[in-house]
Amino acid sequence: HAAIALRRDLLQLDNTTDAYRLIHAEGDYLSGIVVDRYAEVLSAEAFSLAMYQRAPELMQRLAAMLNVPHWIVRGSPHMLGQEGIAGETQMSPDCPAQVLVRESGTRYRVRFAGGHKTGFFCDQRENRARLAQLCKGKTVLDLCCYTGGFSVHAKRCGEAADVTAVDIDEEPLRIARENANLNQVRISIAQSDAFAYMRDMLRIGRQYDIVVLDPPKLINGRLELEEGTRKHFDLNRLAMQLVRPGGILLSCTCSGLLTWSEFHKLLVSASLQSGAAHTLPDGRVRHASRPLQFLSHSGAAADHPTAANCPESEYLKAFWLRLG
C-alpha cells in the first residue's frame, strides 16, 4: 500500500505515464524484488530465492489492488546461478508477450521475452524529459540506445534535427525502429559496438551537438571494478571527442559500485585526453585537454527511491556536461 501510494498519490504518475517502477526492492523495504508496471502487465524480477518463491502471491495481490489483469515474474540470472535452480518464468494466464506504454505522449513497445531486466528502463524517464528540452534543432547521438528511449523522445518531444541511435544488439534496435514508427518520427539506426562506431565517426571528423552515453552495467562485482572503470573512461574519452564545441554530453552509469566521486574524477580525467591529437617525435599520439563544465547531475526517477538505511542501492548516476 505504501509503495502504491508513493507512485499514484504523491508522484501522480498515472497522469503522465503507464510505465513506472512500482516496487524498488530496498527502496520500498521489500528487499529482493523489483516490480514495474507496463500498461496492463506487472513485470517483476526477483533477486533472492525467498522472493522468487513468494512472488506469484505478491503479484496477485498487487494486480488486484491496481486492477491490472496480468503479471510476469523472472528470477535474475545471477540469483538463479547462485541458487542452482532453473527458475522458469512465472506468469498469469494469457499474459501478453508485449504491450504498448506511454510516457509524456511518446509511445514505446515493451517485449517481455529476452528483454533486459523487467523490459524497459523507467529509471531514465526524468532524464529523457530533461534532455528533450535541449534538443530542438540539434543533432543527437544516442550511444547504447537499447530500444531507443532517449532517441525517440529527443526526436518526437525535443524536435531534434537529426538523431542517430547506436546499439550492438539486433533485437533492441528492431524495437527502436518500431518505436520510431509508432511515434511517426524518423531516426537513423546503426548496429555497432559503441567503441567501433565512435572511432569510425572520429576518423571522418563527425561531431554532434548532443551525445548521450548510457552503457549497460559494466561493473557487476568488486572483481570487475578496475576493468569496468577503465571501460567507462575509454567510452567517455571517445564520446567527448564527438561533442561539438559548446555541445552537451549526458554521461550515465548504472554500476552501483562506481561512486559519484569516482565517476566525477573519471570524467575530469577523460576530458584531459579528449582534445586535438598531436603526434610526438617518438610516434606516440597525445590528446590535448578540452574545457569541461559540469552543469548538473541526476539519478533515477523518483519512483526509484533510496532508503536511508541502504544508500548503496543508489545505482544510476548521470552527469550533464558541456564541452568547450
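This is a predicted model: local features need pLDDT of at least 70, side-chain atom pairs count only at pLDDT 80 or more; totals for chains, interfaces and linings use all residues.
Local features are reported only at pLDDT of at least 70 and side-chain atom pairs only at pLDDT 80 or more, while totals for chains, interfaces and linings use all residues. Residues are numbered from 1 along each chain as its sequence is written, and side-chain values use heavy atoms, with hydrogens and water left out.

Side chains of opposite charge can pair when their charged atoms come close. Counting a salt bridge as a side-chain nitrogen of Lys or Arg within 4 Å of a carboxyl oxygen of Asp or Glu, the model has 18 salt bridges. One of them joins D14 and R37, with N to O at 4.0 Å. D14 sits in the loop between α1 (2-10) and β1 (19-24) and R37 in strand β2 (residues 33-38), so this pair ties together parts that are 23 residues apart in sequence. Helices here are DSSP runs of H or I with at least four residues, and strands are runs of E with at least two, numbered from the N terminus. On relative accessible area (buried under 20%, exposed over 50%, partly exposed in between; 1.4 Å probe, protein chains only), D14 is partly exposed at 26% and R37 is buried at 13%.

Two further salt bridges lie within helices. In helix α2 (residues 49-66), R61 and E57 are four residues apart, about one turn, and their closest N and O atoms are 2.7 Å apart. R61 is exposed at 54%, whereas E57 is partly exposed at 46%. In helix α9 (residues 260-271), E262 and K265 are three residues apart, about one helical turn, and their side chains meet at 3.3 Å, N to O. Both E262, at 38%, and K265, at 48%, are partly exposed. Elsewhere, salt bridges that share partners join R109, R111, E170, E171, R174 and E178 into one network.

Next comes a helix pair. Helix α4 (residues 125-132) and helix α5 (residues 149-156) have axes that come within 9 Å and cross at roughly 35°. Axes are lines fitted to C-alpha atoms, for helices over the stretch in contact, with angles from 0 to 180 degrees between N-to-C directions. In contact (heavy atoms within 4.5 Å) are N127, R128, A129, L131 and A132 of α4 with G149, F150 and H153 of α5.

For cysteines, a disulfide requires two sulfur atoms within 2.5 Å, and the count is zero. C135 has its nearest cysteine sulfur, that of C157, 10 Å away, and C135 is buried at 0%. The sulfur of C254 is 8.9 Å from the closest cysteine sulfur, in C252, too far for a bond.
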